[in-house]
Amino acid sequence: MPFIPHTEHDIEKMLKTIGVNSIDDLFDEIPDSLRTDKFDAIPQGISEMEISALMHERANQDGVPTCFIGAGAYDHHIPAAVWELTTRGEYYTAYTPYQAEASQGTLQLLYEFQSMLTALTGMDVSNASLYDGASALAEAILMAVRANRKSKSRKILVPRCLHPEYRKTAKTIVTNQKIELVEIPFDAETGRTDLAALDAYSDEDITALVIPQPNFFGVLEDADALTSWAQERNIFTIAVVNPLAMSMLTPAGEWGDGGVDICVGEGQPLGIPLASGGPYYGFMCCNQKHVRQMPGRIIGRTEDLEGKVGYALTLQAREQHIRRSKATSNICTNQGLMVTASTIHMAMMGGTGLAHAASNSHQALGKLKDALTSIEGVEQLFSTPAFNESVLKLDAPVKDVLRSLATNNLLGGYDLGKDYPELGNALLVCATEKRTDAEIENYRDKLNGILNA
Amino acid sequence: MLIYEQSHTGRRATAQSPAAMGDVSDIPAELLRKETAALPQVSEMQAVRHYTRLSQKNFSIDTNFYPLGSCTMKYNPRACNTLAMLPGILARHPYALESHSQGFLACMYDLQEMLKVVTGMQAVSLTPAAGAQGEFAGVAMIRAYHDANNDHERTEIICPDAAHGTNPATAVMCGYKVREIPTKSDGDVDVDALKAALGPQTAGIMLTNPSTLGVFEQRIEEISRLVHEAGGLLYYDGANLNAILGKVRPGDMGFDVIHMNLHKTFSTPHGGGGPGAGPVGVSKRLEPFLPVPMVAHDGENYRWVTEEERPQSIGKLSAFAGNAGVLMRAYIYARMLGRDGMLRVSEYSTLNANYLMALLKESGFEIAFPDRRATHEFIVTLKKQAKELDIKAMDFAKRMLDYGVHAPTTYFPLLVPECLLIEPTETESKEDIDYFAEVMQKIQHEAETEPQTVTGAPFTQPVRRLDDVKAARELDLRWSGK
């Protein structure tokens with residue numbers, strides 16, 4: 001029997017010890033009227049060899065096209081050692097470290113993770129992860145409503161140039177708690193959050209302002225100005241950052257006067273493969289004074305009864321398994337294994353290696369923009385400095401262009417038409433340090449062929 | 001020793017990143033970082049050694065018996081990982097065009113269809129990232145349903161006192177008040193208390209069946225009828241689906257919505273605390289509200305179903321489509337088990353639990369619900385040991401680590417004093433279960449003859465018992481250089 005070790009002899013002895021005649025007798029408390037006979041639609045099991053053939057076939061069907069899509073998920077290099085180590089059984093098959101003494105590996109690693117994330121973002125403290133960047137933003141909004149006691153409005157300002165799926169996810173998760181998300185437009189010239197539009201809210205009671213860096217268009221925001229605007233009005237600041245970009249950009253902990261209150265983001269650029277959008281992990285860092293309002297697991301360093309250093313889950317009184325209906329969040333399981341990979345990734349890359357990967361991604365974007373805007377019918381929409389993504393305006397429907405590119409095994413970018421119809425035929429392109437000059441030239445040639453055939 | 005303590009200025013794994021900084025001269029200086037982020041500076045081999053050694057400080061399913069009740073710590077077949085990490089699967093961008101996604105979408109569609117059969121529900125959405133997010137989706141759908149019917153007076157969710165902590169926390173996140181109802185001495189819900197709690201204010205009830213007490217709720221049909229008569233909906237917490245797989249289906253019990261923990265029943269890895277996956281299944285009346293995206297199959301091609309097609313959907317729960325890699329592992333596992341394999345899951349997990357319960361009963365341990373069958377798990381209460389010997393459930397748990405066994409769940413559910421919630425799972429052999437029973441007897445003997453061996457445990461782990469009070473009072477949450 002696959003994955004079940006029992007021999008006939010074992011079964012017989014076990015049933016005898018229990019005092020029943022058959023395994024079926026053990027289900028005699030389930031009313032007969034409920035017993036199902038509708039399992040036939042499930043196919044019979046197949047062997048590892050057969051499933052392996054099927055999965056290879058399906059994986060090959062999708063292939064490995066050259067990827068110029070970013071939009072929240074990025075194709076960066078991951079050292080081979082990262083996943084070799086992460087999938088060791090001792091990490092892969094352990095659970096939440098409830099028994100701290102027998103989980104020091106995972107616990108110490110999470111403490112190292114918290115240390116690395118605070119170094120990268122410039123914040124005081126970090127939790128041990130949330131599900132993904134978008135749901136981390138939702139949790140940050142809930143946290144801001146709890147922590148900003150000076151505000152009663154439960155009104156959150158959210159820039160339109162924040163990732164559309166982050167805005168949708170936040171809406172799903174927070175609106176049942178009577179929280180209002182107010183959209184702030186972007187400046188059509190710069191692609192940045194419109195500071196002038198913010199001033200309309202100057203005299204209102206606002207709970208928090210969300211600040212993306214970079215924003216969904218890849219554009220770098222004037223994060224200092226946005227943070228200061230909010231701080232002057234006792235409005236909480238929630239940064240949504242790309243953690244790899246933080247290795248070369250001013251960290252959120254230094255924006256405005258003393259940094260933002262909460263910093264969240266998507267951990268995927270730090271060692272997590274694209275893998276169809278998950279599992280990734282969301283991270284959340286905050287100012288020390290708000291730590292008791294933070295959701296999710298937090299690891300603390302302590303001592304054992306002999307004075308030896310050890311690590312344990314701490315501040316558990318915030319969590320659902322203790323506080324139940326009064327918990328800071330319902331989150332239980334988070335994304336431990338992804339954090340394991342990310343921690344190893346960051347340790348191996350170091351601050352310098354991450355900055356090299358980030359800046360080379362930025363440089364590759366420059367080459368990509370130069371190559372593509374050299375084509376007739378392609379223009380850059382915003383000239384504001386960007387990280388590794390940029391919006392291009394085409395003189396043809398983006399959807400059709402992307403389809404044609406795909407027939408050349410090339411994923412050309414993200415079609416902004418659905419989320420930002422006001423931008424016209426707008427395409428969001430992305431480069432990472434992995435995109436070679438040859439790949440960029442190939443993209444230029446193919447796009448030129450499609451637009452100017 | 002922390003990785004930071006092995007750091008040397010100027011050292012790094014140079015093979016792993018571009019050799020030099022890229023050109024960032026077009027970015028204004030005030031936007032750029034002034035100092036390199038203070039991450040560890042180690043060589044590749046140092047990092048490999050450090051994290052290999054750290055891994056060795058963990059108990060895990062691959063190294064130890066791990067009967068953590070309510071968590072279903074069964075063997076995670078390696079093929080599921082290997083195949084989910086094939087290049088075509090790993091490199092797929094979440095926004096890849098459907099033309100480059102047919103293989104992936106086919107797997108997701110097949111899984112969706114199988115889970116419909118497994119649960120007896122009308123439709124399934126795979127997108128929730130974990131059990132608690134599946135719970136959120138479920139209760140949010142209940143709310144959306146009542147709202148769509150202009151039924152705004154329903155402000156309460158009922159939870160039994162034995163419920164997992166995520167249940168009441170979720171109800172609150174969805175803007176509901178929580179009303180707790182008690183459990184009877186045989187472990188079933190107190191139906192009289194339920195009747196008293198039901199009313200026009202009832203939005204729904206959240207139930208786990210088998211319950212967290214390790215018993216099957218025998219009056220589930222009556223409960224279902226009562227809740228529906230009151231205009232409420234029934235939410236099924238699928239934490240314990242392993243126990244009934246193929247025997248009885250939540251849809252047939254009358255539930256309107258269910259979440260499944262694929263990291264339990266479908267054996268995806270627990271990863272030191274996630275990632276999980278918490279797909280939701282619903283009855284016909286809740287189908288319009290399912291979270292997006294889902295996968296559809298139109299004759300030849302697979303495609304995404306988004307909010308445009310589902311205007312009443314509660315919406316998105318994460319940026320992309322949830323924990324796709326976890327779903328992929330569950331799919332591979334489900335295909336390897338197949339119909340008969342799934343039936344064997346509930347049969348042998350139930351056999352193992354009842355066998356271990358019988359062994360422990362025989363050797364004098366007090367079973368919390370001795371007149372009931374165990375499901376895939378059961379509860380031992382050590383209240384006698386606590387009272388007579390001053391040896392607590394936590395002491396038993398810690399001593400077990402010295403014998404190489406991970407402790408069962410302790411102090412949950414909250415209503416059984418000094419409890420151990422024990423779930424051996426179907427993948428453990430008779431010898432391993434016999435060993436666990438022996439360990440329990442040994443610790444009992446030690447508790448009676450040399451109690452300090454139990455109260456002082458563990459002795460063999462990387463650390464002795466940790467000072468949790470110090471951890472919470474003198475918060476040290478990151479390396480500060482000393």
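**Ground rules.** I count residues from 1 along each chain as its sequence is written, with chains lettered from A and ligands numbered from 1 in the order in which they are written. Because the model is predicted, I take local features only at pLDDT of at least 70 and side-chain atom pairs only at pLDDT 80 or more, while totals for chains, interfaces and linings use all residues.

**Chain A overall.** I looked up the secondary structure and found 13 helices and 15 strands. Helices (H or I, at least four residues) and strands (E, at least two) are DSSP runs, numbered from the N terminus. The C-alpha trace of chain A spans about 80 × 60 × 50 Å along its principal axes. Of the 453 residues in chain A, 61% are buried. Buried means 20 or more other C-beta atoms within 10 Å of the residue's own; exposed means 12 or fewer, and partly exposed is in between, with C-beta atoms placed from the backbone. I also checked contacts, meaning C-beta atoms, placed from the backbone, within 7 Å. Among contacts in chain A between residues at least 6 apart in sequence, 76% join residues at least 24 apart.

**The seven-stranded sheet.** I traced an open sheet in chain A with the order β2-β8-β7-β6-β5-β3-β4 and mixed pairing. Two strands pair if DSSP finds at least two bridges between them. The edge strands are β2 (125-126) and β4 (180-184) of chain A, each pairing on one side only. Strand β3 (residues 155-159) of chain A runs parallel to β4(A), joined by five bridges. In that pair, A:Leu157 stands opposite A:Val182. Helix α9 (residues 223-231) of chain A packs on the sheet and touches β5 (208-213) and β6 (236-241) of chain A. The direction of α9 makes about 175° with that of β5(A).

**Strand β6 of chain A.** Six bridges join β5(A) to β6(A), and the two run parallel. A:Ala208 stands opposite A:Phe236 in β6(A). Six of the six residues of β6(A) are buried, so the strand is largely enclosed by the rest of the structure. I checked both faces. A:Phe236, A:Ile238 and A:Val240 are buried on one side, and A:Thr237, A:Ala239 and A:Val241 are buried on the other. In a regular strand the side chains alternate between the two faces of the sheet.

**A:Gly377.** I found A:Gly377 in the loop between α11 and β11 (378-380) of chain A. A:Gly377 counts as partly exposed because it has 15 C-beta neighbours inside 10 Å. Leaving out residues up to four places away in sequence, A:Gly377 touches A:Leu394, A:Asp395, A:Ala396, A:Leu451 and A:Asn452. The C-alpha atoms of A:Gly377 and A:Leu392, 15 residues apart along the chain, are separated by 10.0 Å.

**The A–B interface.** I counted 162 residues of chain A in contact with 170 residues of chain B. Helix α11 (residues 336-373) of chain A gives the most to chain A's side, with 21 residues. That side has 76 nonpolar, 60 polar and 26 charged residues. Here Ala, Val, Leu, Ile, Met, Phe, Trp, Tyr, Cys and Pro count as nonpolar, Asp, Glu, Lys and Arg as charged, and the others, Gly among them, as polar.

Conventions
Contact = placed C-beta atoms within 7 Å. Axes fitted to C-alpha atoms, helices over the stretch in contact; angles between N-to-C directions.
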